[in-house]
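Work through the exercises below with the sequence and the model at hand. Each task is followed by a stepwise solution.

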Amino acid sequence: APPRLEPAITGDERRVRCILVARGPGGLEDARATLHDSMAHSGVSTERLAEGSMVITVPGTLPPTDQAFRLARAALLLRERAAQHAFSIAMGRASGGETLTAGEVVERAALVLRRTDPGTISVDPLCCTLLLGRFDLEETPDGARLLRTKEREATRTLLGKPTRTVGRRRELSMLRASFEDCVEGERPRAVLVTGHAGMGKSRLA
């Protein structure tokens, strides 16, 4: 089920925001249309800055990890359609009322973008830690380059040891029991896993 987006408490509430900025020759209109068609369910929005760059955002009410994941996928999609452009993903704080065309997070993304070659997606150090495990990254002095989505999500570690799940013994037991019932009874079963964004539904399944 899609996460329920919580409204900001006040117009001045500070939130952690992740943004994607694209810059290059010509326009991004075709790529922009493809992006909206392919990721409409992700709440992606775009806005052009006065100097020609494009800012791509997702709802700031999403957890930072979800924001980073969605914008990383958006960057990869845009690069396929506009390889002559440079892209940067950055994270910072913004007030609830900001449109994200100015402020700390945009300045951070613009700084990263100035050192980014065409066809490259640069990621600032704050976002790098969120994308590890889901995407292939190449380390750089200023953060990392986003290369591609991992074919298989890497196993996370806890105190240096590979750990796929933590504190999910009861849920795993329920899933195993459902599977065993399918095998023994030779009948199909459906299991619905629900929870807030970032709670580990994909990892559990």
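**Exercise 1. Salt bridges and their exposure**

Take the salt bridge between the side chains of R81 and E80, and state how exposed each partner is.

Solution. The model is predicted: local features need pLDDT of at least 70, side-chain atom pairs count only at pLDDT 80 or more, and totals for chains, interfaces and linings use all residues. Residues are numbered from 1 along each chain as its sequence is written, and side-chain values use heavy atoms, with hydrogens and water left out.

Step 1. A salt bridge requires a side-chain nitrogen of Lys or Arg within 4 Å of a carboxyl oxygen of Asp or Glu.

Step 2. Buried means under 20% relative accessible area, exposed over 50%, and partly exposed in between (1.4 Å probe, protein chains only). R81, at 46%, is partly exposed, while E80, at 60%, is exposed.

Step 3. Repeat for R115 and D142, whose closest N and O atoms are 2.9 Å apart. R115 sits in the loop between α3 and β5 and D142 in the loop between β6 and β7, so this pair ties together parts 27 residues apart in sequence. Helices (H or I, at least four residues) and strands (E, at least two) are DSSP runs, numbered from the N terminus. Both partners are partly exposed: R115 has a relative accessibility of 47% and D142 one of 36%.

Step 4. The count of salt bridges comes to 10. E104, R108 and D124 are linked in a network of them.

**Exercise 2. A strand pair**

How many bridges join strand β6 (residues 135-140) to β7?

Solution. Step 1. Two strands pair if DSSP finds at least two bridges between them. Six bridges join β6 to β7, and the strands run antiparallel.

Step 1. F135 stands opposite T149 in β7.

Step 2. β6 and β7 form a hairpin, with two residues between them.
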